[in-house]
Amino acid sequence: MNKGLWIAVPAYTGMITCETATALNVELYHAYERNWAYQVQFYQQNPIISYARNYLVRKFLESDYTDMIFVDSDVAFPGGTLCKLADYPVAIVGAAYPYRNDTGEFPIRYIEERTELWADPNTGLIEVAGLPAGCLRITRACIEKLCSSHPELLYADMEGNQTYSLFEFTRESGQFFGEDWAFCNLARKEGFKASSLYGEFGLP
């Protein structure tokens, strides 16, 4: 089966930055060169990011695309980034980008029991405990597995559609997790690894 990239963009206000729009357009040509299907799906007018992500997951599952890639409406990336993410032989991988400040730090949650960071010698990826969904690729097989393993997460959304709550704000062991880190927790409990790619990514 040839790959199909299904790009999910939560855009509450209905607007995205020029840099994001340009990056999405440029990526189309990189997908075309590989003969990969490429579609961008926006979701707007709902300020609840977890609801928006779950809605977009449902729409992805209704398609026949192989890879879902979340791109936030204010995230920019070099051409070829999304195709590169989709090429990795892992279920979950994201492009790391820094916080909007001068600290140079990244919103990555590292695996606490590991005292050293080592990249996979074959892929160059670093396994992490959690990473943001601003530029995050997930395989269909991973999403379908999580849905089948957690029927208790099924709910009727605001339009009455049956949707899985894979992205939700949670508290666990006295700690708060955003919807993206909570998704990584859920996936890791099912045996999936979350990997991070570092490079020249940024926010305009």
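1. Secondary structure first: the chain carries five helices and 11 strands, with helices (H or I, at least four residues) and strands (E, at least two) taken as DSSP runs numbered from the N terminus. Keep in mind that this is a predicted model, where local features need pLDDT of at least 70, side-chain atom pairs count only at pLDDT 80 or more, and totals for chains, interfaces and linings use all residues. Residues are numbered from 1 along each chain as its sequence is written, and side-chain values use heavy atoms, with hydrogens and water left out.

2. The C-alpha trace spans about 40 × 40 × 35 Å along its principal axes.

3. As for burial, 50% of the 204 residues count as buried (buried means under 20% relative accessible area, exposed over 50%, partly exposed in between, with a 1.4 Å probe and protein chains only). Of the contacts with a separation of 6 or more, 75% are between residues 24 or more positions apart; contact here means heavy atoms within 4.5 Å.

4. Now the largest nonpolar core. It has 34 residues, and Met68, Ile92, Ile138 and Leu166 touch the most other members. A nonpolar core is a set of buried Ala, Val, Leu, Ile, Met, Phe, Trp, Tyr and Cys residues joined through side-chain atoms within 4.5 Å. Elements that each supply at least two residues of this core include β1 (4-10), α2 (49-61), β3 (67-71) and α5 (179-189). The most comes from α2, with six residues. Apart from this core lies another, of 23 residues, among them Val9, Ile69, Val71 and Val75.

5. Leaving aside neighbours within four places in sequence, Leu166 is in contact with Asn54, Val57, Ile143, Leu146, Cys147, Leu153, Phe183 and Leu186.

6. Then α5: nine of its 11 residues are buried, so this helix is largely enclosed by the rest of the structure. The buried set includes Glu179, Asp180 and Asn185 as well as Trp181, Phe183 and Leu186. After α5 comes Gly191, with a positive phi near 95 degrees.

7. Ser196 sits in strand β11 (residues 194-197) and is buried, at 0% relative accessible area.

8. Ala119 belongs to the loop between β4 (92-95) and β5, and with a relative accessible area of 42% Ala119 is partly exposed. Residues up to four places away in sequence aside, Ala119 touches Gly124, Leu125 and Ile126. Ala119 and Leu197 are 78 residues apart in sequence, yet their C-alpha atoms are 9.5 Å apart in space.

9. Two loop residues to check for backbone angles. Asn35, a residue other than glycine, has a positive phi near 65 degrees; Asn35 lies in the loop between α1 (18-33) and β2 (37-43) and counts as exposed at 59% relative accessibility. Gln45 is not a glycine either, and has a positive phi of about 70 degrees. Gln45 is in the loop between β2 and α2, exposed with a relative accessible area of 64%.
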